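Reader: I'd like to learn how to read a few features of a protein model. Could you walk me through them?

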Amino acid sequence: MKSEKRKISTTSKYLLLLAVFSILANTILGVLLTRQSSAAIRSSMRARMLDISNTAACLLDGDILRNISPEDEGTAEYHSVMAMLTTFQDNIALSYIYCIRDMGNGEFVFGLDPSDDPAEFGSPVAYTDALYQASRGTSAVDDVPYEDAWGSFYSAYSPVFDSTGKVAGIVGVDFSREWYDAQIKAMVRTTTIACVAFLVVGIAIAMLLINKSRARVRTVNEHLKGLSVGLETLMLEVQNMAGVDISDAAGGEETERFDIDDLDSLTRKLAAMQADLHAQIDQVHEQAYFDKTTGVMNKECYLSTQNVMDDMVREGLAEFSILIFNLNELSEINRTYGHGYGDMALKDAANALSSVFGKDRVFRIGGDEFIAIAETTSLSDIQNGFSSVDFRIAAENVKEKPYHTHLSLSMGYAVFDPETDKSFMDVYRRADRMRDESRPACSARHDEA
């Protein structure tokens, strides 16, 4: 009888340890998931803020911005800058967008401001490390909010370069601290509620375990298996909320078989889930606007830019040209050497285009098709650009390449004509026709095949 009591006492202690482990694992994983999801949302929001400020900065003419002043009100240059800023102010969920001038020695003042309660031209701007970094030529976002007369904000800053490559001014984009913090709190609240729910379930399971005999161990582990599946579902939901493409996750290595009598299996499964969450967070920025194969802007970014350009066309502010490039013989490289080598050729071509026009001006919009959007309408500038591309391609062809094929590009261009062009696509179609006329006949036949 005493032996039986001792046996029951030992079983209870074992089950209590198992229950405590389960509760701690749920609590720790809940904290980790909350922190990681919060970090993912912050990272995604910072990237979005930079996308907005970078796009605005790219669309402003630095030579005009450097010399603009309140006395220029009524001029075409003044109107073009204000109209661009107003477009962003009216169509994007931000608090303020404005121009900033660097006065040197860490002092900054307001430039043009399209808001309903604009800052006075030349009045001081609150200094932040991100603003100083932008004045040195690198876009940045505030790590902490700052306060001024208009409220408390997180801001993104992007430099505007003039034709000599110097920083002519800075675009500042303000986002309300309340809005920013509300996004974070909503995410944390959702994750916390889910984790608390799982913790409650864990406690209930612990109480059940303590009151059961050894014969119930297998049933208890079945519950733990169900809890692990629930946590994995939560992780996938967090990934989706962070905007990550999780389609590749299903193709990963198969998770080890879960043994209902082996608690180590549960521990390894939870650790693998944490590793997967870290890996997916690292992919957030790469999924947004950059083409994975070439590193230039992707089609989603191109479509967004096209909408901005269409707005400028409608407002009579557009001044741009479109340059289209096709990598010739890509299908032949793919067919002869494989698609992996075809990707290498695409990346080499993209590097050549980026070195001439800038990575943020080059878009890959199809299999072998690239587009560069230039602010210039000068035919000599366009021809110089094509010559520079030819030079870069020739330099690539001198190098030893595993695909053993000389790169060549079919090129076409068109300059926006306000008299005839009613949209961005009107210019694109003319550039596309010129490009088609320049393509080698063999390349065209391959495409038709």
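Predicted model: local features only at pLDDT ≥ 70, side-chain atom pairs only at ≥ 80, totals over all residues.

Author: Gladly! Residues are numbered from 1 along each chain as its sequence is written, and side-chain values use heavy atoms, leaving out hydrogens and water.

Reader: Is C58 buried or partly exposed?

Author: Buried means under 20% relative accessible area, exposed over 50%, and partly exposed in between (1.4 Å probe, protein chains only). C58 has 21%, so C58 is partly exposed. C99, at 2%, is buried.

Reader: What polar contact does the side chain of S155 make?

Author: A polar contact is a pair of N or O atoms within 3.5 Å; within protein, one must be able to donate a hydrogen and the other to accept it, and residues adjacent in sequence count only if both atoms are side-chain atoms. Here the S155 side chain pairs with the side chain of D174 at 2.4 Å. S155 is also buried, with a relative accessible area of 0%.

Reader: Which residues of helix 8 meet helix 12?

Author: Helices are DSSP runs (H or I, at least four residues), numbered from the N terminus, and contact means heavy atoms within 4.5 Å. Y302, Q306, M309 and D310 of helix 8 meet F424, M425 and Y428 of helix 12.

Definitions and conventions
Helix = DSSP H or I, 4+ residues; strand = E, 2+ residues; numbered from the N terminus.
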